[in-house]
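Open your viewer and keep the selection tool at hand. We will walk from one group of side chains to the next.

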Amino acid sequence: MIDAFLEMMSAERGASENTLASYRRDLEEAERFVRRASARRLSDAISTDISAYLSSMDASGYAASSQARHLSALRQYFRFLYAENLRGDDPTGVIASPKKARALPKVLSEEEVSRLLERAGEEATDEMQPAKIRITAIRTRALLELLYATGLRVSELVSLPVSVAWRDDPFFMVRGKGSKERMVPVTDTARAAVTTYLEARNRDPRADDCPWLFPAENYVDHVARQVFARDLKALGARCGLSVSKLSPHVLRHAFASHLLQNGADLRVVQQLLGHADISTTQIYTHVLEERLHRLVTEHHPLAGA
């Protein structure tokens, strides 16, 4: 039955070889468990067999995500058997998916971000550095200031058009996921850092025809996000920060968390981050909980009683 299911997945759904191999591994593992536990074939399994299988995975230390993947394969398999009239029910229909614990984002403290920005500013204004190193420092400072001021995704940040720097407005439009545009406010400090960088960028004659605000060395493509991530980690190391906790995405988390810690509304942060669904932004509710607890303990008349 497993072979027939995999043939259908290949012929009708165009599943890749890797996908088919993954399905086969998961289904054959379930088949072995069911046979040992109940002497039934997988195709004849009942709901208690599937529940026992998932429980055994949990007891063996499988992550919820792995359990969910196995259950998904089983759901597809039994739906196939039902659709082909090979059995009259779906034993996975009454089984809830394992809940995946959502990891809290890594966040830098305001003090750590201040150290990063201060060091970036010092290096960008150090005229004793060789020209190539200094232009990189000026670019890193502009990218860092802009990232922390706006919370842009790193892909949005590195691919900004140069026209963004021509505007003397406290905001600009960015095209994010799904080609959706959103308005992004930007601080005076970030605008100043970008203006300084633009002056250095434009000294290269190749900049005249380059559409990117942050071009790569060839002035044809924009700077790669991996390059910025590397430069950011190097800057962090020079500040004494843990390189393992530092990335452009961590700065995006810091932007959101620090806004919430200082009183911003969750829906405003959702709009600034470009999240289509508020549930995505709710990974930051731990920040709101901490803020509410602090408000109550500091301002409730009976808090100290």
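Predicted model: local features only at pLDDT ≥ 70, side-chain atom pairs only at ≥ 80, totals over all residues.

Residues are numbered from 1 along each chain as its sequence is written, and side-chain values use heavy atoms, without hydrogens and water.

**Stop 1: aromatic rings.** Select Phe-33 and Tyr-53. Their ring centres are 5.5 Å apart and their planes meet at 50°, so the pair is tilted (rings of Phe, Tyr and Trp, its six-membered ring, pair with centres within 6.5 Å; planes under 30 degrees apart are stacked, over 60 edge-to-face, the rest tilted). Phe-33 lies in helix α2 (residues 17-38) and Tyr-53 in helix α3 (residues 47-59), 20 residues apart; helices are DSSP runs of H or I with at least four residues, numbered from the N terminus. Phe-33 is buried at 17% relative accessible area, and Tyr-53 is buried at 3% (buried means under 20%, with a 1.4 Å probe and protein chains only).

**Stop 2: the largest nonpolar core.** Now select Leu-116, Leu-146, Leu-160, Phe-172, Leu-213 and Leu-251, which touch the most other members of this 41-residue core. Such a core is a set of buried Ala, Val, Leu, Ile, Met, Phe, Trp, Tyr and Cys residues joined through side-chain atoms within 4.5 Å. Helix α6 gives the largest share, seven residues.

**Stop 3: the second core.** Finish at a separate core of 26 residues, with Ala-30, Phe-33, Ala-45 and Ile-50 among them.

Conventions. Helix = DSSP H or I, 4+ residues; strand = E, 2+ residues; numbered from the N terminus. Buried < 20%, exposed > 50% of the residue type's maximum accessible area, 1.4 Å probe, protein only.
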